[in-house]
Amino acid sequence: MDDRNTHTGGASALAADSTSRASAPGAPRAPRADALRNREKLIEAARHAYAVASEGGPEATLEGIAKAAGVGIGTLYRHFPDREALVEAVYAAELDAIVAAAAGLAASEPPERALRAWFGRYGEFVAAKRGMADTLRSAFDAGRLAPSTTRTRVTEAVGVLLAAGTEAGVLRTDVRPDDVTALLLGVFLSAGPRGEQTPRLLDLLVDALLPRG
């Protein structure tokens, strides 16, 4: 028998076997593209709804979130069996987003502008957290989410922005990222949910990070 035919036949058999396994009833399937899009739309709609609720707007209901995402309530429940699952997904997605935003801004904006823009983006995360506070508290108490992990990742993001600024010579070199995180938390705690003072306080925080003299 020709070796080439042997190899070709073996490859075909392997491919057929692989296809058979992929289509077997018990085989895991990758999520469809439209399902992933629906999930992303639900998370974004929920983030917005909880942020609005934190500022005194209407309560974030699951029905309202599904409608804002352009899907039915059944689709929401297929992705998130209860409010807790949705809130935890929103929280995780927002945390990932603000961490990723630090590197993106550091690469695309002058350091002081990148830092100020990121502070504003962090404020959106805080607003969403306020709207989800009760549900998040249960997740923290149950150990499904860890506040210490959040603070560590936020501080790492701040460190990326400070490093870009010190390398460019436009931010102070004697500032620790965890100190900036503490000040940032203080701004949002003191400004309250309405946050009329927040932009001015964030401007002052950026100013405090500029070199003196």
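**Helix packing and the core**

Helices H5 and H8 are roughly parallel to each other, a term applied to angles under 35 degrees, with over 145 counting as roughly antiparallel, 65 to 115 as roughly perpendicular and the rest as oblique. Please bear in mind that this is a predicted model, in which local features need pLDDT of at least 70 and side-chain atom pairs count only at pLDDT 80 or more, while totals for chains, interfaces and linings use all residues. Residues are numbered from 1 along each chain as its sequence is written, and side-chain values use heavy atoms, with hydrogens and water left out.

Two packed helices are described by the angle between their axes and the distance between the axes. For H5 and H8, the axes come within 8 Å and cross at roughly 10°. Here axes are lines fitted to C-alpha atoms, for helices over the stretch in contact, and angles run from 0 to 180 degrees between N-to-C directions. The helices themselves are DSSP runs (H or I, at least four residues; strands are E, at least two), numbered from the N terminus.

On the H5 side, the residues that meet H8 include Tyr 91, Leu 95, Ile 98 and Ala 102; their partners in H8 include Val 154, Ala 157 and Leu 161. Contact means heavy atoms within 4.5 Å. By class, this contact has 12 nonpolar, one polar and two charged residues. In that scheme Ala, Val, Leu, Ile, Met, Phe, Trp, Tyr, Cys and Pro count as nonpolar, Asp, Glu, Lys and Arg as charged, and the others, Gly among them, as polar.

H5, which spans residues 83-108, also packs against H2, residues 33-54. Their axes come within 9 Å and cross at roughly 90°, which makes H2 roughly perpendicular to H5. Among the residues making the contact are Leu 42, Ile 43 and Arg 47 of H2, and Leu 86, Val 90 and Glu 94 of H5. Nine nonpolar, no polar and four charged residues form the contact of H2 with H5.

Beyond four places in sequence, Arg 47 touches Val 90, Glu 94, Glu 124 and Ala 128. Glu 88, in H5, counts as buried at 19% relative accessibility. With neighbours within four places in sequence set aside, Glu 88 is in contact with Ala 139, Arg 144 and Leu 145.

Let us turn to the core. The largest nonpolar core has 50 residues, a core being a set of buried Ala, Val, Leu, Ile, Met, Phe, Trp, Tyr and Cys residues joined through side-chain atoms within 4.5 Å. Ile 65, Trp 118, Phe 119 and Tyr 122 touch the most other members. H5 gives the most to this core, with nine residues. Outside its sequence neighbours within four places, Tyr 122 contacts Ile 98, Val 154, Leu 184, Leu 185 and Phe 188.

Finally, the whole protein. There are 10 helices and zero strands, and buried residues make up 33% of the 213 residues. Of contacts between residues at least 6 apart in sequence, 67% join residues at least 24 apart.

Conventions:
Buried < 20%, exposed > 50% of the residue type's maximum accessible area, 1.4 Å probe, protein only.
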